[in-house]
Amino acid sequence: MATAGASGLNFSRRTLFSSFTSLPWGLILLICGMAVIGVATLYSATFTNPAEADLPMRQATRLTAALLVLIFVGLVPLSVWLKLAWPAYLVTVILLIAVEFFGVTGGGAQRWLQIGPIAVQPSEFMKVTLTLALAAYYHKHWNDSSGGFLIHFPALILILVPAALIFRQPDFGTTLALFASGGVLIFLGGLYKRVIFSVAAIAVASVPLVYMFVLQDYQRERVDTYLAQLTGQSVNVMDDGYQIEQAKIAIGSGGWTGKGYMEGTQSQLDYIPEQHTDFILTVVAEEFGFLATSGVLLLWMLILGMGMVIAMRAASLFGRFAAVGAVATVAFYILFNVAMVLGLLPVVGVPLPLLSYGGTVMLTTAGCFGLVCAVHLGRDEALHGK
Amino acid sequence: MINRQVDALFSRRALIAAAGGSALFGGLIARLFQLQILNGEKYQTAAKENGIRSILAPPLRGQILDRFGRPLASHRQAGRASIVREQTNDVAATLREVAKHIELSEELQELIVRTASRRAAFEPTIVARELSYEDFAKLSLRAPDIPGLVVEMAQTRSYPRGRDFAHVLGYVARASQDDMTRLTADVSSDEGNALRRLFKHPDMRTGRSGVERFAEEWLRGEPGWRRVESNAAGRIIRELPSDDTAPKPGRDLHLTVDAELQKVAIDRFGTESGAAVVMDIETGDILAFVSTPAFDPNDFVNGISQADYDLLRFNDRSPLYHKAYDGTYPPGSTYKMVVATAALEAGVIDPRERVYCPGHYRFGNNTWHCWKKEGHGSVDMHSAIKGSCDVYFYEVAKRVGIEKLAETSRKFGFGQRWDLGLHGGRSGVVPDNAWKLQARGEPWFEGETLNVGIGQGQVSSSPLQLAIMTARIAAEGRLISPQIIGEGPRPESDIPFDEPLDPDFMRRMKAGMFGVTSEWGGTALRSGDLGLGGPRLAGKTGTAQVRRISREERATGILKGDDIDRKLRDHALFVAYAPHDDPKYAISVIVEHGEGGSKTAAPIARDIMAAAMQMDARRTPNYMRTASRLSGSSSGGL
């Protein structure tokens, strides 16, 4: 056994049990705490509607399953993840192409792929596998800081291919999320400042062009609504604007301490569509007020910060990039969702990890934090074997 | 190890990224502060005034129509006042205000306050339904000034034919706890919860009995949502367009019955209580399904008072009871065709063989009596049916034996529950050895076979079964599929009834039944003429004993008429088909405590039959006409 390859060595050095006990349990506990807050909120959001009465229970079941996924991903040695990075990326891109041809349409977009009894959303997998691929790429090719900015081109292509495919579905939110978390990794990869500033300038300049020529009608409508409510115009109450307006009323009427658990009139009277999925934060804000809501955001910052600390401690570039990429993926979910709920971004349909009802985001979140755990366990491995 | 330069750059960049992320989070918290604290007051007011709500809108229940499209169960508008707790500070004060305009007793006010306090604040509680026009107008006018009061027109289930179809249709009522359990028994928990929520709506009703219960899902429809805008007090200011969320009304259901024939039949019964079933021999369509007296299902829609319910429940003519379907009676002499068929099938008697009837029959140590004290003399099968000779059938039943009798009875449709798609229905009893061992724990005695031979004793059947038997005889053994739902959900056992019956034997039975009404010595000679100048009716009388006739009574002469209490008098039965030479309709009639089949039941059956033929009740129903027009094929005929 001792003569086995590097990855095998790593694995045999620890027993499964000692790996298990060495997991970052503080982080995992905080994640579980967030999940409990999620189920309680979901209960409040759904209890007046008997048709949704069993959603909290289902959510709890899914959370338990997600926790197992997290631990499983965490226990897989980092070296194995490094080996899996490219194949996983390729498979996900192939799945995305398959969605293009065989996908199931839902809600105006073709996102789902029916495999036997289960419907999968490859765009969600992409968030994790892109992180892995970029981490593997920089691990291998970034040897000194003088590599020039040309080494970032392949990384950009790694992002652009899936982003283009997902944009075609169309799924604007996920496309943005890929660019955002991929961009963070390129930024960490040492892209020259002057390039960063130029890209930023070009991006800002191209916004009107994207709006006019790239966006679909319904996406454009959302942006219009968004701009209208940002500037304080009254918006059509029956459409997206209605949702934002109702969400703002729910949140705003919460005050410092909220109206009390299950007492939120907005939440209980079904004013807010999707309040148990994307708009779950309105329930927290209305019923528990500013203190608790900002507490939830701070708890998230704490969790993400712990992830960053784990990333910084890793000996390998793969570990660092993977962990930061995972943290960034979850962070952008949260940022997009909260900004959307608070009326700062158009309604792009991004859920709030661990709080929103839904299985896909939960799986992505579990995968991301599982990866962070794997980095934690493999923090001393340099991963030069390759 | 990582290149030192790379390490430093990465760490620097990671810190910048973390700082940037924290800044974004900080920005969100700032925005939260802005919304919740700085602008909190504005949004709190907005929340209170928040205007747009989705209100559950129950579906309109489907209508039930007769074969010619006449509504048997439909809707009418009824004014209604209700109170929504969250829209008023003081429910009691609101009710006192309401009581100034309409009659509302203090007890009722207290009850409403208690009911409302148990409900969710936004659920309406009914204050008054079935408002008179004046009350509705008065309250509507004042409603804007009375907080929490909602006055509206609602659709209420209505049964335009009143009592005529009480037992067939059943009735609808607010779903009770039991109803909820039953309605949600076979659905997923999601659907169950949605149903529970729906049935809590004050306008929602569920079928409690009859077709209303059987076809619940067919009739129910799907609920939708009304979007309404309301002011700060919660009063609805205007309806917003909500076509896409509108409820889907339930489907209409067509019965095979003819409402006019049903009415004629019920009127013909007058004050008698009893049942009648008229069937189209060719299609098996039930054209009239009468059980009288009946209750008025309209009384049940909004809940019937205990006092009124007790009046129905303890009425000795049992108006709540579906006598034609749930009632089982000894078939009496109408059963003699079954016994004769069993004998022919078993080959135990030649139809020409003569049996001597001296008015009584000895078996073992006992004596059985013929209804005709002086006896029929020598009779063959034909004259035995015609004159309904008991002695002949004692002898035949003894030869056939109970097991064979039971077998033939089942072929005629006795002993099984006919699932027509009405709630209820009884199978009656076809006794045999196994049945008696199970029911009574003792073996069959041969003496009992003699009683069964004249349709008394343990054997029992419903008027529906007698009509089916008659139809099968008239159709000379052809298959028959009794049905009352013409277009609607099919009952589970929706299969034609096709036990083999020998057409030759059936022709003998028909000849006997023709003799009953049309030959010298027939027991219902006066009822053979339909008064239509031609076609005659063929039938068979029967009397179902309500109690045993004691030896003393027999010795002192049988008591009749007014001498005995009504409740102890025998039931009168008559089964018939017409026209005798080309049978189209079959009928069975039972008059409870009507004493003799020929005296009370046969004239009623004849008049109903004449009406059916005059009205041509069996002509193609409306729903088949549209169906054949739409699909280009007819499912009618054979």
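Which strands of chain B does helix α11 (residues 259-269) of chain B lie across, and at about what angle does the helix run to β12(B)? Helix α11(B) lies across β11 (274-280) and β12 of chain B, and the angle to β12(B) is about 30°, where axes are lines fitted to C-alpha atoms, for helices over the stretch in contact, and angles run from 0 to 180 degrees between N-to-C directions. Helices (H or I, at least four residues) and strands (E, at least two) are DSSP runs, numbered from the N terminus.

This is a predicted model, in which local features need pLDDT of at least 70 and side-chain atom pairs count only at pLDDT 80 or more, while totals for chains, interfaces and linings use all residues. Residues are numbered from 1 along each chain as its sequence is written, and chains are lettered from A in the order in which they are written.

**Confidence**
- The predictor gives the complex an ipTM of 0.88 and a pTM of 0.59.
- Chain B has a mean pLDDT of 86, with 90% of its residues at 70 or more; pLDDT is the predictor's confidence in each residue, from 0 to 100.

**Contact between chains A and B**
- Chain A contributes 46 residues and chain B 42 residues to the contact, two residues being in contact if their C-beta atoms, placed from the backbone, lie within 7 Å.
- On the side of chain A that touches chain B, α13(A) provides the largest share, ten residues.
- That side of chain A divides into 29 nonpolar, twelve polar and five charged residues, with Ala, Val, Leu, Ile, Met, Phe, Trp, Tyr, Cys and Pro counted as nonpolar, Asp, Glu, Lys and Arg as charged, and the others, Gly among them, as polar.

**Strands of chain B**
- An open sheet of five strands has the order β12-β11-β20-β19-β18 (chain B), with antiparallel pairing; two strands pair if DSSP finds at least two bridges between them.
- Because β12 (286-292) and β18 (538-544) of chain B stand at the edges with a single partner strand each, one side of each is left without a neighbour in the sheet.
- β18(B) pairs with strand β19 (residues 571-578) of chain B in the antiparallel sense over seven bridges, and B:A538 stands opposite B:Y577 in β19(B).
- Elsewhere, β14(B) and β15(B) form a hairpin with two residues between them, and B:G364 in the turn has a positive phi of about 60°.

**Helix pair in chain B**
- The axes of helix α16 (residues 390-400) and helix α19 (residues 446-453) of chain B come within 8 Å and cross at roughly 130°.
- Residues that meet in this pair include B:F393 and B:Y394 in α16(B) and B:T449 and B:L450 in α19(B).
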